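These are my notebook entries on a single structure.

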Amino acid sequence: MPPALFAGVAAAGLAVSAWGARDRTTWFLETCWALAGLPLVVLLWRRFPLTGLLCGLLTAHALVLAVGGHYTYAQVPVGDWVRDTFGLERNPYDRFGHLMQGFVPAVLVRELLSRTSPLRGSRWLAPLTVCACLAFSACFELLEWLAAEIGGHGADAFLATQGDVWDTQWDMFCALIGSVLSLLLLTRLHDRQLRTLEGVARVRG
């Protein structure tokens with residue numbers, strides 16, 4: 001899929017999710033990462049194009065954020081269906097969102113480190129990638145805490161704890177699992193695409 005099509009799909013998903021969102025503030029807080037990241041990728045594309053794998057994952061993550069922002073994570077219909085079908089205590093879409101919060105950034109961090117640092121091929125690349133994903137997840141939880149302090153009960157839709165006192169720990173654990181799964185499943189494919197990208201850059205250079 002051409003990079004412009006990935007960007008178009010992400011932009012369209014974000015635009016549709018904004019229309020009729022249940023809570024405008026929650027929508028913005030949930031999607032701000034995609035709103036900031038999409039134009040950044042477009043602006044830097046000529047100097048720093050990304051692999052097709054990363055483009056696809058970033059687009060998928062933007063759509064996950066868009067859905068969560070539109071409905072709020074605790075009220076996503078497909079999550080309600082999963083909860084009712086399998087007899088769960090809560091809507092699991094929030095857990096899925098945090099799994100993606102590790103799965104997608106793992107490839108992003110790995111690509112940035114592989115291309116801009118001496119870590120390419122190093123045994124430290126994988127563990128440092130996981131550590132970076134966990135650090136990002138922890139920062140996000142701190143932002144949620146700040147939102148709760150500032151917004152009080154008005155931030156409940158953004159927090160999506162659904163009464164779980166261990167929600168913060170579960171969120172970070174899901175991000176950890178997502179990052180590890182991403183590296184286990186996608187490392188070989190990612191390495192092939194990185195080599196292809198480097199070959200294209202040499203030809204153009």
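In which helix is the place of threonine 129? I found threonine 129 in helix 6, which covers residues 125–151; helices here are DSSP runs of H or I with at least four residues, numbered from the N terminus.

Before going on I noted that this is a predicted model, in which local features need pLDDT of at least 70 and side-chain atom pairs count only at pLDDT 80 or more, while totals for chains, interfaces and linings use all residues. Residues are numbered from 1 along each chain as its sequence is written, and side-chain values use heavy atoms, with hydrogens and water left out.

**Entry: threonine 129.** I looked up its accessibility and found threonine 129 buried, at a relative accessible area of 0%, where buried means under 20%, exposed over 50% and partly exposed in between, with a 1.4 Å probe and protein chains only. Leaving aside residues up to four places away in sequence, threonine 129 touches Ala106, Val109, Arg110, Leu113 and Leu183, a contact being heavy atoms within 4.5 Å.

**Entry: aspartate 167.** I placed aspartate 167 in helix 8, residues 167–204, and its relative accessible area of 2% makes it buried. From C-alpha to C-alpha, aspartate 167 lies 9.8 Å from glutamate 141, although 26 residues separate the two in sequence.

**Entry: helix 1 with helix 2.** Helix 1 (residues 3–18) and helix 2 (residues 24–44) pack at an angle of about 165 degrees, their axes 11 Å apart; the axes are lines fitted to C-alpha atoms over the stretch in contact, and angles run from 0 to 180 degrees between N-to-C directions. The two helices, helix 1 and helix 2, are therefore roughly antiparallel, a term for angles over 145 degrees. I recorded their crossing as left-handed, which is the case if the near helix is turned anticlockwise from the far one by less than a right angle. From helix 1, Ala7, Ala10, Ala11, Leu14, Ser17 and Ala18 meet Arg24, Trp27, Thr31, Ala34, Leu35 and Leu38 of helix 2. This contact of helix 1 with helix 2 has nine nonpolar, two polar and one charged residues, with Ala, Val, Leu, Ile, Met, Phe, Trp, Tyr, Cys and Pro counted as nonpolar, Asp, Glu, Lys and Arg as charged, and the others, Gly among them, as polar.

**Entry: helix 2 with helix 3.** I then followed helix 2 to helix 3, where the packing angle is about 170 degrees and the axes are 8 Å apart. Helix 2 is thus roughly antiparallel to helix 3. Trp27, Glu30, Thr31, Trp33 and Ala34 of helix 2 make the contact with Ala62, Leu65, Ala66, Gly69 and His70 of helix 3, and by class it holds six nonpolar, three polar and one charged residues.

**Entry: helix 3 with helix 5.** Helix 3 (residues 52–71) packs on helix 5 (residues 93–116) at about 155 degrees, with 10 Å between the axes. I noted a left-handed crossing of helix 3 and helix 5. Among the residues in contact are Leu53 and His61 of helix 3, and Tyr93 and Glu111 of helix 5; the contact of helix 3 with helix 5 comprises 16 nonpolar, four polar and one charged residues.

**Entry: cysteines.** How many disulfides does a search of the whole structure find? The search gave zero, a disulfide being a pair of cysteine sulfur atoms within 2.5 Å. For cysteine 55, the nearest cysteine sulfur is that of cysteine 133, 17 Å away, and cysteine 55 is buried at a relative accessible area of 8%. For cysteine 174, the nearest cysteine sulfur again belongs to cysteine 133, 14 Å away, and cysteine 174 counts as buried at 10% relative accessibility.

Conventions
Parallel < 35°, antiparallel > 145°, perpendicular 65-115°, else oblique.
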